[in-house]
Structure formats: structure tokens, C-alpha cells
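Dear colleague,

I am passing the structure below on to you, together with some notes on what came out of looking through it. Please read the notes with the coordinates open beside them.

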Amino acid sequence: MAEKLELEKDGSRAPGKVSVLRWIGFLAADYLSASLVATLFIGPLDSLSLGEEWSWLPSTLSNFLTFALLFFFAVLYLQLICKMSLRALLFGAEGSPDWAQAAKIILVYLVGYVVSTLISSRFGAELELNTIGPIPIFVNLLVVASLTWMQTTWEELVFRGIFLRWSCGEKIAPTLRCVIAGLVSSLLFMWLHGSNPEVLSQSGIDVAVAFSIYFLAGASLYFFDVAFGDAMAGCAVHWINNFVGFALINQVGTVVVTGALVIDHTPVAAAGMLVYTAICYIPVYLYIAYLAKKGALPRR
């Protein structure tokens with residue numbers, strides 16, 4: 001039976017009215033198109049030899065262009081396959097980003113991030129990473145800011161936006177279907193991030209911790225979006241977390257024990273890693289509770 005199209009006045013499809021087959025087709029087209037172009041035109045960048053002073057440039061350009069392609073094709077295929085704009089997917093047909101609220105969420109999250117970093121610096125250790133840095137600081141901040149914006153927006157589109165619109169439609173609310181979709185979304189987020197070779201090459205307890213951290217991150221971002229009624233909160237938290245982390249790694253070549261790649265091979269260190277990660281999110285949960293008490297969250 002032919003799929004019935006339910007479109008808005010401007011000709012775009014209403015959020016939540018996209019079939020599962022169209023979502024699968026969208027994801028497959030996005031990934032395959034970006035991978036093909038990256039293999040043909042971007043892959044050779046990594047093999048360029050520009051001397052020690054410019055050693056950071058090939059991999060930086062490669063990462064930037066790869067995420068730019070994923071983001072470009074995602075926006076393109078949303079329109080072509082799903083008949084939906086990026087704004088409609090993330091914020092609803094009539095919605096728009098609340099930048100003031102996003103700034104507050106970022107500041108609240110940074111409180112937890114700083115506290116977690118201070119605690120882990122006191123009880124943990126710094127980890128030397130294989131990085132591309134150091135690179136010129138203005139280039140680092142500009143490239144990392146734009147790269148992480150495209151990366152995190154794409155991931156929020158895939159891991160939160162699609163699942164929220166599929167389960168809730170236009171009006172995001174904590175229904176049973178929404179909760180189940182959130183569980184599947186968080187497990188998928190955990191699996192795809194945990195499949196990173198840098199994680200799987202570690203010991204058993206380290207892999208378990210990394211998977212737990214990614215699940216906690218995915219579930220928290222999903223909860224934040226449900227609480228605020230659109231994807232702005234998840235986008236804001238995801239972006240500032242990755243921006244600060246990548247900027248510090250590229251610039252100084254080390255990172256304090258706060259991320260899923262920090263591995264120490266002991267149960268105590270593993271428990272500490274989970275605590276450090278949870279501390280980052282606690283202020284946002286408290287902020288949501290504060291807004292809920294004031295009645296300032298979106299009405300369902």
C-alpha cells in the first residue's frame with residue numbers, strides 16, 4: 001500500500017510522519033554518500049607529508065571535511081527522502097532554537113565539567129594521547145568549534161532527533177513509546193561509540209566502563225531533550241562537551257581523566273570514571289528540576 005503523505009502548508013512533511021523505511025533509507029544514503037566522497041577525495045589527505053610545523057593540517061582537514069560531508073548529505077537527504085527540514089526535525093514544524101536557554105544549559109553543564117575535572121585532577125592522572133597538536137590556537141578553536149558543531153548536530157539528528165520524532169511526533173512527551181525509543185537510542189549510541197578501536201583494544205573492565213559511560217551520556221542527552229521538548233538541550237550539552245575536550249587535546253596533547261578514552265585497568269579507577277562522568281551531568285539534572293518546580297518547562 002502506498003505511503004500516505006502528511007505535509008505541512010509549506011510542502012514539508014510533519015515531524016513524526018516519516019516511515020521507518022524512509023528513515024533507514026535516509027541514514028543509508030547519508031553514510032554511503034559521505035563515505036564514497038571521503039574515500040575518493042579526502043582519504044589521500046592523511047598521507048600528505050608537510051613537515052613537522054604543518055603536521056597537524058592533513059588530519060585536521062580530513063576530520064573537518066568528513067563531518068562536513070555527513071552534515072551536508074544529512075540536510076540534503078532529509079529534504080529529498082524524508083521531505084523534512086533540519087529545523088523541523090530538531091525543533092518541530094513551528095519551533096525554533098531558544099539560544100538564551102541553550103547558553104544557560106551550556107553554563108550549567110560547564111559547572112559540572114569543571115568540578116569533575118578538578119576532582120579527577122586531584123584523584124586521577126593525566127593521560128598522554130596520540131594527538132595532532134599542538135596547532136595554532138586560533139586555528140584550533142575555529143576548526144574545533146565548527147567541526148564539533150557539525151559532528152554533534154549530526155549525531156543529535158541521528159540518535160535523538162529521529163527517535164524522538166518517530167516516537168512522539170510533533171509534541172515530545174515522556175510516553176511509554178518515547179521511553180522505549182530512548183532506550184534503543186541510548187543503546188545504539190553506546191554501541192557505535194563503544195565500537196571505537198581505541199575502546200575495544202583495552203581490557204575487559206575498561207571496555208565495560210566505556211560502554212557504561214556512553215550509555216549514560218546517550219540516556220542523559222535524550223532525557224534533556226524530552227524535558228525541554230526539543231533537541232536544543234542535547235545539542236548544547238553535546239557540543240560544549242566535545243568542543244572543550246577536542247580543543248584541549250589538540251592544544252596541549254593531554255587530557256584530564258574525564259572521558260571514556262581514559263583507561264586505568266583497575267576497578268577503583270573504573271568506578272571513579274563513572275563518577276566523574278556523572279558529575280558532569282548532575283548540574284543539568286538539577287537545573288531541569290529547578291525549572292520543573294517553577295513550572296518553566298514546556299507544558300505537555
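In this predicted model, helices H1 and H2 cross in a right-handed sense. Helix H1 covers residues 20-42 and helix H2 covers residues 57-80, and the two pack at an angle of about 145 degrees with their axes 9 Å apart. On the H1 side the contact is made by Trp23, Phe26, Ala29, Asp30, Tyr31, Ser33, Ala34, Val37, Ala38 and Ile42, while H2 contributes Ser62, Leu65, Thr66, Leu69, Leu70, Phe73, Ala74, Tyr77 and Leu78. Sorted by class, the residues in this contact of H1 with H2 comprise 15 nonpolar, 3 polar and 1 charged.

The largest nonpolar core has 64 residues, and Trp23, Phe26, Leu157 and Phe228 are the ones that touch the most other members. There is also a second, separate core of 8 residues, with Ile172, Cys178, Tyr222 and Val226 among them. As general background, nonpolar side chains tend to be buried together in soluble globular proteins.

As for charged pairs, the structure holds 1 salt bridge. The partners are Arg160 and Glu156, whose closest N and O atoms lie 2.6 Å apart. Where do these two residues sit relative to each other in helix H5? Both belong to H5, which spans residues 137-168, and because they are 4 residues apart there, about one helical turn separates them. Arg160 is buried, its relative accessible area being 0%, and Glu156 likewise counts as buried at 0% relative accessibility.

When its neighbours within four places in sequence are left aside, Ser85 is in contact with Leu78 and Gln79. Ser85 and Val75, 10 residues apart in sequence, are 7.2 Å apart in space from C-alpha to C-alpha.

For the chain as a whole, there are 10 helices and 2 strands, and from the N terminus on the elements follow the order α-α-α-α-β-α-α-α-α-α-β-α. The chain has 300 residues, of which 47% count as buried. Among contacts between residues at least 6 apart in sequence, 78% join residues at least 24 apart.

With best regards

Technical notes
Residues are numbered from 1 along each chain as its sequence is written. This is a predicted model: local features need pLDDT of at least 70, side-chain atom pairs count only at pLDDT 80 or more; totals for chains, interfaces and linings use all residues. Side-chain values use heavy atoms; hydrogens and water are left out. Axes are lines fitted to C-alpha atoms, for helices over the stretch in contact, and angles run from 0 to 180 degrees between N-to-C directions. A crossing is left-handed if the near helix is turned anticlockwise from the far one by less than a right angle, and right-handed if clockwise. Contact means heavy atoms within 4.5 Å. Ala, Val, Leu, Ile, Met, Phe, Trp, Tyr, Cys and Pro count as nonpolar, Asp, Glu, Lys and Arg as charged, and the others, Gly among them, as polar. A salt bridge is a side-chain nitrogen of Lys or Arg within 4 Å of a carboxyl oxygen of Asp or Glu. Buried means under 20% relative accessible area, exposed over 50%, partly exposed in between (1.4 Å probe, protein chains only). A nonpolar core is a set of buried Ala, Val, Leu, Ile, Met, Phe, Trp, Tyr and Cys residues joined through side-chain atoms within 4.5 Å.
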